[in-house]
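Please look through the structure below with an eye to how its chains meet and how one of them is built. The paragraphs that follow take these two topics in turn.

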Protein chains: 4
Amino acid sequence: MALRIGMIGPGGMGQAHLDRIRTVIAGGEIAGVSDIAADNVATVSEKYGVTGFASSEELIASPEVDAIMICSHGPGHEPDVIAAIEAGKPVFCEKPLTPTADAALRIMEAEQKAGRRLVTVGFMRRFDRSYREMKALLDSGEVGETLIVHNRHRNPTVPAHYTWDMAINDTAIHEIDTMRWLLEEEIVSVRVDKPKKTSHRFEHLQDPLMVIMQSESGVWIDDEVFVNNQHSYDIQCEAVAELGTIRLSDQHAIERTGTLGRFNTLTMDHNQRFYGAFVTEVQEWITAAARGEHTGSTTWDGYAAACVCDAGVRALETDGPVAVEMIDKPALYS
Amino acid sequence: MALRIGMIGPGGMGQAHLDRIRTVIAGGEIAGVSDIAADNVATVSEKYGVTGFASSEELIASPEVDAIMICSHGPGHEPDVIAAIEAGKPVFCEKPLTPTADAALRIMEAEQKAGRRLVTVGFMRRFDRSYREMKALLDSGEVGETLIVHNRHRNPTVPAHYTWDMAINDTAIHEIDTMRWLLEEEIVSVRVDKPKKTSHRFEHLQDPLMVIMQSESGVWIDDEVFVNNQHSYDIQCEAVAELGTIRLSDQHAIERTGTLGRFNTLTMDHNQRFYGAFVTEVQEWITAAARGEHTGSTTWDGYAAACVCDAGVRALETDGPVAVEMIDKPALYS
Amino acid sequence: MALRIGMIGPGGMGQAHLDRIRTVIAGGEIAGVSDIAADNVATVSEKYGVTGFASSEELIASPEVDAIMICSHGPGHEPDVIAAIEAGKPVFCEKPLTPTADAALRIMEAEQKAGRRLVTVGFMRRFDRSYREMKALLDSGEVGETLIVHNRHRNPTVPAHYTWDMAINDTAIHEIDTMRWLLEEEIVSVRVDKPKKTSHRFEHLQDPLMVIMQSESGVWIDDEVFVNNQHSYDIQCEAVAELGTIRLSDQHAIERTGTLGRFNTLTMDHNQRFYGAFVTEVQEWITAAARGEHTGSTTWDGYAAACVCDAGVRALETDGPVAVEMIDKPALYS
Amino acid sequence: MALRIGMIGPGGMGQAHLDRIRTVIAGGEIAGVSDIAADNVATVSEKYGVTGFASSEELIASPEVDAIMICSHGPGHEPDVIAAIEAGKPVFCEKPLTPTADAALRIMEAEQKAGRRLVTVGFMRRFDRSYREMKALLDSGEVGETLIVHNRHRNPTVPAHYTWDMAINDTAIHEIDTMRWLLEEEIVSVRVDKPKKTSHRFEHLQDPLMVIMQSESGVWIDDEVFVNNQHSYDIQCEAVAELGTIRLSDQHAIERTGTLGRFNTLTMDHNQRFYGAFVTEVQEWITAAARGEHTGSTTWDGYAAACVCDAGVRALETDGPVAVEMIDKPALYS
């Protein structure tokens, strides 16, 4: 029996998930869609031949729907996530879980009341095979303790409305979650350094940034956020451990020679670079949801990421590190 | 509606396909199994909770089965493939399609009578992303005509019953099919050179071999077949074209440093190296079969591979090149 | 006519230079040696078949000596360098030029009085082909302005007497000089962050360190100083520019496969990694000295490196960045 | 005392050697030049400020000349090499030693009469650090016996007068010598296969070629000779041994990213690729000659290369392998 999935807010990312479910993922079927934009409901429900619900409440409540995917705009997530929890249905919510840590706290309360983890936040890098190999090797103890992690998050370009708090909340948030997952500990402080600015983009935007974080045990983490590098979506991560280093490869399929020398192409966006991670993420969620199990990032992870982002945004205007403030971790997430 | 798949001969490879269909592939469901070994039918049908058929004939004839996967031993393929064709059901048959070119000819006759391509032969490399990128680039014309292709097919080790005709029929057959597909032309001659023999394996086995092939248009193709290299399953392919070269990368996910220097691991067998290719192969076959379309290698490809292998086996005992003999390509496969 | 070179303080590094001059460098010959240790003078003068001078003063004054190489301990450099300047003889002085910025100032005064640049400080990385290619490409303007530079300075291990100010004065000093040369601007501040400490070395030593520097124009520079990584001398440098990145390669001569996968060895110390740079450094100095020209790092560079090191050492005990203090650059060095 | 070198036939390569001796090599000085073109003698002797000799005989006989470098056209080598041998002077002769094996035999007779090895043939790859690392590793026995060696000799382009025997005598001759040196055994047969021809060069020229050789112990060797690849001088060599493979790296100094992806440039000609090998070759020859020792390729090596080339040229017009014919190796060269 396939897991019957209702999707709230099927925009670009949501429809990409629906396409995956239809074409390359086992065990799920699309049961219905809802959206605050009624015309989008009409379009998408016709495209996929599924029921269009008049509201997210109706979709969540429907006996035809086993599990919920939320791909709507971040500020609208909270009530839908809570409704899904109260309905006892597994919910996959795109990142950020909520725009504020407070809202994430309220979701945690609902989930604790429900007594089990129902929420998976869409941090897809946890499902990327390269990050997973890195983590497996660090977990094995073979290279000793991790001391430093260097990250690079480079984009070809961003639109004009991109502001520098988005460099934290939309861009660095990926490394924030990935580092917490990789190291299995919390980030306790964030500092933002401002390198020389590229002239190849908006006057108003400080780009690149160097985000410097520290973990509970003292691991030093940097994240070069450079969103207008003009040439590639280049994600790098190197863990420096006591006995060796591990870094993500480019993972190119072919190598070429030509007038320029020997080369391999780089990806141009996250859909290209993390195609496999998105597929695995949704596949593993469906498999787990169908079994009543949890997989991936929890509400706690969504909350913690929001807390680190809050500190990061304050750090943009502060000299020196800003401490991350968060509550003690509830037992449900230990 | 999922495609209901009946599997004939579910051994190791067959069950790997069944596992994929259950866990990471969309659109298919397992409808039943049959096997010449009755106890295997019992075991597998229980494991997957599906009907065990008393014979492949019954399975093929069953109205509960839409499409057939054949993973039995090669010499048994012919009658089942022909029965599936006569039943008008799409059939995925593991390689080799048949042990002899003659048997493949009889399947082609059945398929021509049916008037449409129903058979897909399981040459999974056509579904590997690295070979596909290489082919797309060659097809684009960007690097000019292909002149030479260098292949390496290296295995850590093979069992004692491996004989040198298996170096052609079981090992080089992969490059034979891949080269025909990559270049979109036939191989016209095969020569086998015998390098110095490794001392790290059976006295009776000439290992490595250099298989040298020529295509219709004169492309020079080599294939280093070295099946006891003691260390890795290392598949390489480099196309030398007029304006540049293209080669498969190692496709490793991470790079490490340690006392040995900087390194990346290599895969140890075809399941590891071609994991993604196997998934894509079965996914695309299910998707196509459900639509009444064809994908992947045809019966003609299976026949042509058998003809080239025949020449290759004769070349083992011949000085100089052996011409490949095959019939003209029937219109159905143009 | 070969340049007649007198060497002061021929220890390990000094004799390595003498060996190079004898065996793989054009245009120089060893004219004499002196040392505060009389027995070393005897040993070395006999080994190379050259005059042993009773003091550095006599060696510098000798009409048989055209140019001076100083390889003695850093605190003893000042009087010899000044004497050589006053004698109007070109002098190659191993780094650090002087242990304090004040001493370097006095040398600058002597050189300004002499009216020409006579001193070359032994920062060999400026002669390394990889750094030179990187600089040539940055200078070409092809990749736009440099915004960030990431450095890694990793050693297998250091002796027990290594203290954390040596992490600045002996280790990071290489990146300090190289960055000033690469960017052609001064470093204005230094901060030192302290990552989690490796357990594989002395309890007393904070290792690794992250040294964060800023240049006049705002380029953000990091330097991971990790001197007990247990496995390799791994020098890395990546310049992040507006339109592309440039990084040093491993420069390995061969690549291997084996049970570990595909690998290349890394160097184990600076003599291995910078062998070619040392040869080029001494060759270019001899060629320039014979022509009455200057090459390589100047006294100003030695002074500036000392000033940045001073700030770096203070930064070890300070939260946040420490400003670098230096005088205005004298006209002689512009 | 510097070795006083007389050069015969200082064209482009010869003057490159003279420049090296003057600027980056220890222990040699240019004592004089001669040339069949009198005006070149005038030009070169003035350029380097050295004596111009009226003939090579006078130069060889001069008491001011300790050792001879011959960089004249190949057909003129024989009498000068023999005269140098008879004068008891070490002689460095550019490849090919002689255009025919017969002429090389006569040189060997002269050298045997002299009773010691005086001739070094200018096969510079033996001095390349990457080939040397490969050989050292093979010699160590760590990877077992060598079974196969794959070579690639690719040039951007060749002039219109390049004929296909030059593909053997001028191009493949480098791999012929290098393989003999690497494996320390003779090549016993040569076959030439003709792949599809590039359309990007002369109609009359079969390009690329695949030269297939076999060594005494049965090592299978290929050499892809592709001299109009339109993009780079790309020299590759991979030894496939029983327990691992070793291949030359690109040896690039830097890696870049840009709109094309991640890349490193390739060299464009042999002077760029083998710059270091040329320096080491001449340095080691001067050092050895000054000590009365021999280094590098012998007359036997020059003869053996000529014999393999003879077989290779015949193989151009033959189907199948052509046996290499050579005399037994004289005791002087064992």
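This is a predicted model: local features need pLDDT of at least 70, side-chain atom pairs count only at pLDDT 80 or more; totals for chains, interfaces and linings use all residues.

On the side of chain A that touches chain C, the strands β7 (146-154), β8 (187-193), β9 (209-215), β10 (220-226), β11 (234-241) and β12 (244-248) of chain A each contribute at least two residues. The strand that gives the most to this side is β7(A), with 6 residues.

The size of an interface is often given as the accessible area lost when the parts come together. Between them, chain A and chain C bury about 2900 Å², and carbon and sulfur atoms account for 53% of this area. Of the area that chain A buries against chain C, 23% is supplied by K196(A), W220(A) and E242(A), which is more than any other three residues supply. In terms of contacts, 38 residues of chain A meet 38 residues of chain C.

How the two chains are placed relative to each other is the next point. The same surface serves both copies, since 100% of the contact residues of chain A recur in chain C.

Turning to the fold within chain A, one finds an open sheet of 6 strands with parallel pairing, in the order β3-β2-β1-β4-β5-β6. At its edges stand β3 (51-52) and β6 (119-121) of chain A, each of which has a single partner strand, so one side of each is left without a neighbour in the sheet. Strand β1 (residues 3-8) and strand β4 (residues 67-70) of chain A pair in the parallel sense over 4 bridges, and I8(A) has I70(A) in β4(A) as its bridge partner.

Helices also pack on this sheet. Helix α1 (residues 12-23) of chain A touches β1, β2 (28-34), β4 and β5 (91-93) of chain A, and its direction makes about 150° with that of β2(A). Helix α9 (residues 275-290) of chain A touches β1, β2, β4, β5 and β6 of chain A, with its direction at about 125° to that of β1(A).

Definitions and conventions
Residues are numbered from 1 along each chain as its sequence is written. Chains are lettered from A and ligands numbered from 1 in the order in which they are written. Side-chain values use heavy atoms; hydrogens and water are left out. Contact means heavy atoms within 4.5 Å. Two strands pair if DSSP finds at least two bridges between them. Axes are lines fitted to C-alpha atoms, for helices over the stretch in contact, and angles run from 0 to 180 degrees between N-to-C directions. Buried area is the accessible area (1.4 Å probe) that two parts lose on being put together, summed over both.
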